[in-house]
Amino acid sequence: MATSPPDNDGDGDDLPEQFRVRKGKRAEMLAAGVEPYVASFERTHTIAQLRALFPDLAAGEETGERVAVAGRVIFLRNTGKLCFARLRDGDGTEVQAMLSLDRVGEESLAEFKRLVDIGDHLGVRGEVVQSKRGELSVMAEEWLITSKALRPLPVEHKELSDETRIRQRYVDLITRPQARAAARRRVDTTRALRESLHRRGFDEIETPILQTLHGGAAARPFSTHMNAYDIPLYLRIATELFLKRAVVGGMHHVFEIGRVFRNEGVDSTHSPEYSMLEAYSVYSDYHDIARLTRELIQEAALAVMGTLVIERDDGSEQNLSGEWDMVDLYSLVSEAVGDVITPATDQPTLYQLAGKNGIELSADVGPGKAVEELLEELVVPTFTRPTFVLDYPVDTSPLVRQHRSKQDVVEKWDLYIDQTELATGYTELTDAVVQRERLTEQARLAAAGDPEAMALDEDFLRAMEYGLPPLGGMGMGIDRLLMVLTGLGIRETMLFPLVKPE
């Protein structure tokens, strides 16, 4: 049988008086045989349903309709023979509860005044009325504390600090409508992406989070250990390699929306764990996948925001309508540095051009990575429209097909919106012999100390050797898509982001 935890204030020293007073009320209820945390409360209506049923009562009107509703107390006014409590449901809808001496009796009204605090969850049963001031109300005949809050809510007109909002998201959700809206936009966005892909015949599958080898991206993994097998394991950095295994097996249009983990930096656009959409479709190339990605984002924007012209709270605007720009990587970087750069440009030349433009490259950056850093530093900040940057160096894209008409580049694009990389797409490499050569080179880099290099995955190569059909693939950060739709930082788009312990 479950037992109650021992009485202690936990970390309540920051609110000692309020905490002790509320714990005292809890103890008083228990001593009187009243449960402060009931198992259930039978509602006849949600608050939203109640408001929909009675949208336009006249001031002072009585309906004769008896209901049972529940919500969190966010306002209290105890005035003699009549008390008022405003109840809020989880969706933000509110209704007033009124308790009068003649309806509930002297003892019940006194208990209400003594025991109920702002923040408590309260259930009331009574008649639907419109108050004399025009407030839709329930004139209570019975009331019940369904869950006693031990901590007081913040004062609503005082903004929580950014740190508090992120660390205590539960309080943020209670007190701030914008937080509740952001959380629901995330739900709506993932639902819209799923529905868009389902309409196109894609199957949603699940792939392992714990993996014996890390691969599918150039990233530093989190490592752990499995006691049962006594082996090291990694949290996945991508879902790609297992999704491709499914394609080999005949699941030709697949996707997954799930968490991935990268043991790297944290800033306004990076989190160590985040949600990623990856999708793969046979007999598609990177142009087909670019079109799919644009349509998915546009459909999500319409479903969630109701428009393709997104207006943010800060006054900025992002237009997601129409076709999006598609430009060549090397052309963009050549124009930015004022000199012609090609895949054959050597490392010393790239370092020299970087220095002329005020960019310092670390000594271990190869030519391909150097070009990508020049793009990020010099070109991306100039983008004002959604832009696909095409045709990337071979050495930074080991899982991508060689370009059909250009030397030393692969058929890959990165999508930038709001000067942030949102998604990447490929014509996938399907030649198992070339893939083995590429992964062998990655293994050499890993052995030389590159923490982001991929491992040589023999099982994945064996799957490819059974025949991977022509394939296009893409990956998109769900959190960054929410940033585009809302204008918020990445930690605001995540309901419970990882933060340092207090």
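In what order do the 8 strands of the open sheet run? I took this up first, noting that the model is predicted. The order I found is β6-β10-β11-β18-β17-β16-β15-β14, and the pairing is mixed. I then looked up the edges: β6 (203-204) and β14 (325-328) each pair on one side only.

I checked β17, residues 420-427, against β18, residues 471-477, and found antiparallel pairing over 5 bridges. Within this pair I located tyrosine 426, which stands opposite glycine 473 of β18.

Next entry, helices on the sheet. I traced α9 (residues 286-305) and saw that this helix lies across β11 (273-282), β14, β15 (387-393), β16 (409-417), β17 and β18. I noted an angle of about 15° between α9 and β16. I then turned to α10 (residues 329-337), which lies across β14, β15 and β16. For α10 the angle to β15 is about 95°.

Which element gives the largest nonpolar core its largest share of residues? I looked up the core itself and recorded 34 residues. Those with the most contacts inside this core are Leu193, Leu277, Ile297, Leu320, Trp413, Leu415 and Met476. The largest share, 8 residues, comes from α9. I also recorded a second, separate core of 27 residues, with Cys83, Leu99, Leu122 and Leu136 among them.

Last entry, leucine 415. I left aside the neighbours within four places in sequence and listed the remaining contacts of leucine 415: Thr293, Ile297, Trp324, Thr387, Phe388, Thr420, Glu421, Leu422 and Ala423. Of these, I note that Ile297 is also named among the residues with the most contacts inside the largest core.

Terms used
Residues numbered from 1 in each chain as written. Predicted model: local features only at pLDDT ≥ 70, side-chain atom pairs only at ≥ 80, totals over all residues. Heavy atoms only, no water. Pairing = 2+ DSSP bridges. Helix = DSSP H or I, 4+ residues; strand = E, 2+ residues; numbered from the N terminus. Contact = heavy atoms within 4.5 Å. Axes fitted to C-alpha atoms, helices over the stretch in contact; angles between N-to-C directions. Core = buried A, V, L, I, M, F, W, Y, C linked by side-chain atoms within 4.5 Å. Buried < 20%, exposed > 50% of the residue type's maximum accessible area, 1.4 Å probe, protein only.
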